[in-house]
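Hi,

Here is the structure I said I would pass on to you. Have a look at it first, and then read my notes below.

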Amino acid sequence: MSAHCMLTGTQPGFGNRISHSHRRTSRRFDPNIQSKRYWLPSEGRYVRLRLGAKGIKTVDTIGIEAAVARIRARGVRV
C-alpha cells in the first residue's frame with residue numbers, strides 16, 4: 001500500500017538527510033498513516049480507512065458519512 005491518506009490525499013514528502021560532514025543523501029518524510037475501522041450507519045457495515053492523523057481529526061469533526069462522501073468524490077473505492 002502506498003503511504004497516502006484516503007481523505008486528505010497527503011503523500012510522502014522528499015528531502016535530504018544531512019550528515020555531520022554535510023553530505024546529502026535522499027530521504028522520505030512519510031505521513032502518519034493509521035488504519036481505522038468506522039461504522040457506516042447508512043450502509044449497515046464497517047468500512048476500513050487508511051487515514052493520516054489529520055484525516056482522523058477531520059472525520060471526528062465532519063462525521064463519517066460526510067467523510068466517506070468526500071473520499072468517494074475523489075474517486076477512491078471504499
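Let's start with leucine 51, which counts as buried because its relative accessibility is 0% (buried means under 20% relative accessible area, exposed over 50%, and partly exposed in between, using a 1.4 Å probe and protein chains only). Before going on, please keep in mind that this is a predicted model, where local features need pLDDT of at least 70, side-chain atom pairs count only at pLDDT 80 or more, and totals for chains, interfaces and linings use all residues. Residues are numbered from 1 along each chain as its sequence is written, and side-chain values use heavy atoms, with hydrogens and water left out.

Leucine 51 belongs to strand E4; helices (H or I, at least four residues) and strands (E, at least two) are DSSP runs, numbered from the N terminus. What does leucine 51 touch, not counting residues up to four places away in sequence? The list is Cys5, Met6, Leu7, Asn32, Ile33, Gln34, Tyr38, Ile56 and Val59, where a contact means heavy atoms within 4.5 Å. Asparagine 32 is 19 residues from leucine 51 in sequence, and their C-alpha atoms are 8.1 Å apart in space.

Strand E4 covers residues 45–52 and also holds tyrosine 46. Tyrosine 46 is partly exposed because its relative accessible area is 44%. Leaving out residues up to four places away in sequence, tyrosine 46 touches Arg37, Tyr38 and Trp39.

How many aromatic pairs does the structure hold? There is one, and tryptophan 39 and tyrosine 46 form it edge-to-face, at 5.0 Å centre to centre with 70° between the planes. For the cut-offs, rings of Phe, Tyr and Trp (its six-membered ring) pair if their centres lie within 6.5 Å, and planes under 30 degrees apart count as stacked, over 60 as edge-to-face and the rest as tilted. Tryptophan 39 is partly exposed too, because its relative accessibility is 43%.

Then there is arginine 37, whose charged end sits over the ring of tyrosine 46, 3.7 Å from the centre. That label needs NZ of Lys or CZ of Arg within 6 Å of the ring centre and within 35 degrees of the ring normal. Arginine 27 likewise lies over the face of phenylalanine 29, at 3.7 Å from the ring centre.

Glycine 15 is in strand E1, residues 13–18. The C-alpha atoms of glycine 15 and arginine 27 are separated by 5.4 Å, although the two are 12 residues apart along the chain. In the loop between E1 and strand E2 (24–29) you'll find histidine 22, and its phi is near 70°, a positive value in a residue other than glycine.

Last stop, the helices. Threonine 58 is in helix H1 and counts as buried because its relative accessibility is 18%. Beyond its neighbours within four places in sequence, threonine 58 is in contact with Leu7, Gly63 and Arg70.
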